Amino acid sequence: MGKYLRFEDLEIWQEGMRLCKEVYVLLNDCKDYGLKDQMQRAAVSVPSNIAEGYERKGTKETCQFLYVAKGSCGELRTQLYLAVSLKLVDSKKGLELVEQAANLSVRIYSYARSISREV
């Protein structure tokens, strides 16, 4: 896990936090409380699992949590597509967040692969 002393120093965690905050802002006025709750949970899961995995310190466990975070990115993207198609959120911003989540997913995967090679 190299040069990082704290999970807060990981760029993927910082990016996950920004994405999470943007999802909360996007959903501020959403009245579909079921979907809103699911989307917020998926968004929170991303940085939370990155942090939990990092704190585990074992490479295998860390990677497992990173893959959960990556899965949550996919879940959030699906939910964003649904919210956009149902016109529950602003289409432009919703699709921007889809792209952010997709890019973060790639970065999480790359990080997991890089630390699994350190062993």
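Student: Let's start with contacts. Of those between residues at least 6 apart in sequence, what share joins residues at least 24 apart?

Tutor: In this predicted model, the share is 75% for the protein chain.

Student: What box do the C-alpha atoms fill?

Tutor: Roughly 45 × 20 × 20 Å, taken along the principal axes. As for burial, 42% of the 119 residues count as buried.

Student: Now, how are two packed helices described?

Tutor: By the angle between their axes and the distance between the axes.

Student: Is their crossing left-handed or right-handed?

Tutor: Helix 1 passes helix 2 in a left-handed crossing. On the helix 1 side, the contact is made by I12, W13, G16, M17, C20, V23 and Y24. Helix 2 brings M39, Q40, A43, V44, V46, P47, I50 and A51.

Student: Which classes of residue make up that contact?

Tutor: There are 13 nonpolar and two polar residues, with no charged ones.

Student: Can we zoom in on one residue? Is L26 buried or exposed?

Tutor: L26 is found in helix 1. Buried means under 20% relative accessible area, so L26, at 16%, counts as buried.

Student: Which residues does L26 touch, leaving aside its neighbours within four places in sequence?

Tutor: L26 is in contact with L80, V89, D90, K93, G94 and L97. Take V89 from that list: L26 and V89 are 63 residues apart in sequence, but their C-alpha atoms are 6.8 Å apart in space.

Student: And where does K87 lie?

Tutor: In the loop between helix 3 (59-85) and helix 4 (91-117). The cut-off for exposed is over 50%, so K87 counts as exposed at 73% relative accessibility.

Student: What is phi of K87 near?

Tutor: Phi of K87 is near 60°, a positive value in a residue other than glycine.

How values were computed. Residues numbered from 1 in each chain as written. Predicted model: local features only at pLDDT ≥ 70, side-chain atom pairs only at ≥ 80, totals over all residues. Heavy atoms only, no water. Left-handed = near helix turned anticlockwise from the far one by under 90°. Helix = DSSP H or I, 4+ residues; strand = E, 2+ residues; numbered from the N terminus. Contact = heavy atoms within 4.5 Å. Nonpolar A, V, L, I, M, F, W, Y, C, P; charged D, E, K, R; others polar. Buried < 20%, exposed > 50% of the residue type's maximum accessible area, 1.4 Å probe, protein only.
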